[in-house]
Protein chains: 2
Amino acid sequence: MTANPTACLLIIGNEVLSGRTRDANLQFLATRLGELGIPLREARVIPDVPETIISTVNECRAQFTHVFTTGGIGPTHDDITSECIARAFGVPWEVHEETRVVMAADYARRDPPVEFNAARLRMATLPKGAQPIRCTETTAPGFSMENVHVMAGVPRIMRSMFEALAPTLEGGRPIHSRTVHANYVYEGQIAEGLAAIQARFPALDLGSYPYYRNHPDGRPGGGVALVAKGTELADVEAAAKAAFALLAGFGTVVPGEPPPE
Amino acid sequence: MTANPTACLLIIGNEVLSGRTRDANLQFLATRLGELGIPLREARVIPDVPETIISTVNECRAQFTHVFTTGGIGPTHDDITSECIARAFGVPWEVHEETRVVMAADYARRDPPVEFNAARLRMATLPKGAQPIRCTETTAPGFSMENVHVMAGVPRIMRSMFEALAPTLEGGRPIHSRTVHANYVYEGQIAEGLAAIQARFPALDLGSYPYYRNHPDGRPGGGVALVAKGTELADVEAAAKAAFALLAGFGTVVPGEPPPE
């Protein structure tokens, strides 16, 4: 059995670190990458600082099979991801002629036509050797440079770019997941039994997540959700069955996630 | 003028990297730390893997004034943050007697009384030399070990722990922020003018953020928001005034953030 490929996400942008913007890309990418069998192993939010972007990209691309970045590929002065990727790889940052032609045609078709000025030309400027990621939302592309995949920060555009890229990624074995939950059961009651299940299935990731919310019947309270994850479906199902039995000793257990808050 | 202290956040938990849970702590802490003048410079989401937690904590505590962690301090087998902090600092991980007494009294008072079992005792076990962070939500504490501040992952408890900790942190100069936005203005139009404003105020962080949403009058479309941030209020206000004038050349500009999506 070959180990699955791994992924790291770099969220590039001062606006996430200042609290202005709540990131909306991590959860989408985590879910989709899990489905592709390329589990997300780390994510970092880093500022629009060239030295930080360059050193982080170089550290992470050596450590993970794939590095995905979001943010910083627009036309303004604070969009510096593309230039920094070129510097990280030690290649020139130059106008990508095929992309320039595609964008010029797009801008000319608009009514009224959009000026293809110097700022917009930055979006057609890529590290030498990069493969553009074209998507259905905009003609300004993302790009892949070896194992680094550079995408927009705007969620709608990022998703479109990711789905264009996904078929080109060599996936691993999908991560299977089963969840059970029980109201009015507390982590401190089941910790010992849960550790025993984890010991029986060392290759699985067995997680315990308390929740706090009002129940459908209006009573306040909470409970615990147990999640088994792994590439071996039979093991995941066996562990979920054991977790179900464990929770049943303390309360009324239900398959699946607890109702939303 | 002394440089502001800096902060790094470590979000510890497989559930965020798998996409099961959407982090709700980064934006809160980014905002509060900005108010305290301790800007968040980096955030990392890392898995429940001891070697990763230990090496990340040691790397980040050397690099930033403060390191905040969320997640992994409950009673179950996947709650390993506290032990890992002890290993990162090379100190024993031992029952904190004062905390044990506080938790024992709490559990004895409950109706019916809660058993203070081995799993729950883990929450009273701290790195030797740690200072507990007591909060109003639970008697199981967070703790500070030198410049590393360890908090719960559950947002309600994390916030309570942070507010208990905040008065003990030496803050810097608060980060001021001013925002203006204009509908039907696009980044490609204003990029050059915006770069000129940034050049006039090199100490400020001047950000440009496109948005895409329906307007209050029902028309689809989008616009751009410009945000000036920095410790010098007069400069922030002057830059926001210049950004207002820039946007006014292209559309109808409004102070503040665009309406929510």
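**Exercise 1.** In this predicted model, determine which residue of β2(B) stands opposite Arg44(A), and describe how the two β2 strands are joined.

*Solution.* Begin at Arg44(A), whose opposite residue in β2(B) is Arg44(B). Then widen the view to the strands themselves: β2 of chain A, residues 40–46, runs antiparallel to β2(B), and three bridges join the two.

**Exercise 2.** Describe the side of chain B that touches chain A by its extent, its elements and its residue classes.

*Solution.* Count first, taking two residues as in contact if their C-beta atoms, placed from the backbone, lie within 7 Å: 45 residues of chain B then meet 45 residues of chain A. Next, list the elements of chain B that contribute two or more residues to this side, among them the helices α2 (26–35) and α8 (187–200) and the strands β2 (40–46), β10 (205–212) and β11 (222–230). Finally, sort the residues of this side by class, which gives 18 nonpolar, 14 polar and 13 charged.

**Exercise 3.** Work out the strand order of the open four-stranded sheet in chain B, and find which helix packs on that sheet.

*Solution.* The order is β10-β11-β9-β12, with antiparallel pairing; β10 and β12 (253–255) are the edge strands, each pairing on one side only. From one strand to the next the twist averages 20°.

Technical notes: Residues are numbered from 1 along each chain as its sequence is written. Chains are lettered from A and ligands numbered from 1 in the order in which they are written. This is a predicted model: local features need pLDDT of at least 70, side-chain atom pairs count only at pLDDT 80 or more; totals for chains, interfaces and linings use all residues. Ala, Val, Leu, Ile, Met, Phe, Trp, Tyr, Cys and Pro count as nonpolar, Asp, Glu, Lys and Arg as charged, and the others, Gly among them, as polar. Two strands pair if DSSP finds at least two bridges between them. Axes are lines fitted to C-alpha atoms, for helices over the stretch in contact, and angles run from 0 to 180 degrees between N-to-C directions.
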